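Please consult the sequence and the coordinates alongside the points below.

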Amino acid sequence: MKVVLFCGGYGMRMRGGSDDVVPKPMQLVGPRPLLWHVMRYYAHYGHKEFVLCLGYGAEHIKNFFLTYQESASNDFVIRNGEVELLGTDISDWTITFVDTGVESAIGERLRRVREHLDGDEYFLANYADVLTDAPLDTMIERFHASGAAASMMVVPPQSSFHCVDITADGAVKDIVAVAQMPLWENGGYFVLSQEVFDLLPPGGDLVADACGALAGQGRLFGFQHLGFWKPADTFKERAELDDAYRNGDRPWMVWDKP
């Protein structure tokens, strides 16, 4: 299945100011950007046809792949002045770069790349800023078995805040950590059918419009994942992933596991 990656937003919570023009998917985790880690995850499971929904900072994403250096993440030998790679990352990938607008919502970005999906009945989609070790094959199998029109991975709440049960007169009855509550949140990994396009109005949103409508029909499947899941929506979260990478704690790098 083709993989649609939404990588055109401003990423304001990741930027250090107006002079910081590097888009969020290009922020580094180890020697490679977030976007690369997400793509390597999908490629590991055999999904190597990508459609990149570009917008803000598109030139940075294009240049990264146009000047891609395999040696940054692969072993190699220099023999007689020539570099002999012992492995490659992207040689068998197909990447389509599409300008979907700087101000477009996620749903509108998806609408603008529909023609590049070649009418495929099913496809994958991702926000390009979240890493996980979720078993993608199982996720897809359970989606098909469910008979739903779309699926989203859901994860337990990641917030460190607490919810407070309080009466009208201010008496606190209970305090519960958000992470301990029986709730699930959108994990950003989607398996979608072409039917979602029928539910996306111009300028619409994938989750609020298409997924919301399907949920109301009982045709949205939630794949519950309790393993590793980590967003990189802020500087702090990206720095935590980078520190984990440098300390050898890399559960999202399923392609490096035996």
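In this predicted model, Asp118 is found in the loop between α3 (106–112) and β8 (122–126). Asp118 is exposed, with a relative accessible area of 57%, and has a positive phi of about 55° although it is not a glycine. Asp118 also belongs to a network of salt bridges in which Lys2, Glu49, Asp118 and Asp120 are linked.

**Backbone with positive phi**

- Asn80 has a positive phi of about 55°, and this residue is not a glycine either.
- The location of Asn80 is the loop between β5 (76–79) and β6 (82–85).
- Asn80 counts as exposed, its relative accessibility being 77%.
- Gly46, which follows α1, has a positive phi near 90°.

**Overall architecture**

- The protein chain contains 6 helices and 15 strands.
- Along the principal axes, the C-alpha atoms of the protein chain fill a box of roughly 80 × 45 × 40 Å.
- Among the contacts in the protein chain with a separation of 6 or more, 74% are accounted for by residues 24 or more positions apart.
- Of the 258 residues of the protein chain, 46% count as buried.

**Helix α1**

- How many of the 11 residues of helix α1 (residues 34–44) are buried? The count is 10 of the 11, so the helix is largely enclosed by the rest of the structure.
- The buried residues of α1 are Leu34, Leu35, Trp36, His37, Val38, Met39, Arg40, Tyr41, Tyr42 and Ala43.

**Charge and salt bridges**

- The protein chain carries 22 positive and 36 negative side chains. The centres of these two sets lie 1 Å apart.
- Side chains of opposite charge can pair when their charged atoms come close.
- The structure holds 16 salt bridges.
- One of the salt bridges joins Asp233 and Lys24, whose closest N and O atoms are 2.5 Å apart. Asp233 lies in the loop between β15 (229–231) and α6 (235–246) and Lys24 in the loop between β1 (3–6) and β2 (28–29), so the pair ties together parts that are 209 residues apart in sequence.
- Are Asp233 and Lys24 buried or exposed? Both residues are buried, that is, under 20% relative accessible area.
- Lys230 and Glu240 form a salt bridge through their side chains, at 2.3 Å from N to O. Lys230 lies in strand β15 and Glu240 in helix α6, so this pair ties together parts that are 10 residues apart in sequence.
- Glu240 is partly exposed, with a relative accessible area of 29%.

**Helix α6**

- Which residue forms a salt bridge with Arg238? The partner of Arg238 is Asp242, and the closest N and O atoms are 3.7 Å apart.
- Arg238 and Asp242 are 4 residues apart in helix α6, so about one helical turn separates them.
- An α-helix has 3.6 residues a turn, so residues three or four places apart point the same way.
- Arg238 and Asp242 are both buried.
- Arg246 is also placed in helix α6, but Arg246 is exposed, with a relative accessible area of 56%.

**Distances between C-alpha atoms**

- Arg246 and Ala171 are 75 residues apart in sequence, and their C-alpha atoms are 47 Å apart in space.
- Ala208 and Gly107 are 101 residues apart along the chain, and their C-alpha atoms are separated by 9.1 Å.
- Ala208 lies in helix α5 (residues 206–216) and is exposed, with a relative accessible area of 58%.

Technical notes. Residues numbered from 1 in each chain as written. Predicted model: local features only at pLDDT ≥ 70, side-chain atom pairs only at ≥ 80, totals over all residues. Heavy atoms only, no water. Helix = DSSP H or I, 4+ residues; strand = E, 2+ residues; numbered from the N terminus. Buried < 20%, exposed > 50% of the residue type's maximum accessible area, 1.4 Å probe, protein only. Contact = heavy atoms within 4.5 Å. Lys, Arg positive; Asp, Glu negative; His and termini not counted. Charge placed at Lys NZ, Arg CZ, Asp CG, Glu CD. Salt bridge = Lys/Arg side-chain N within 4 Å of Asp/Glu carboxyl O.
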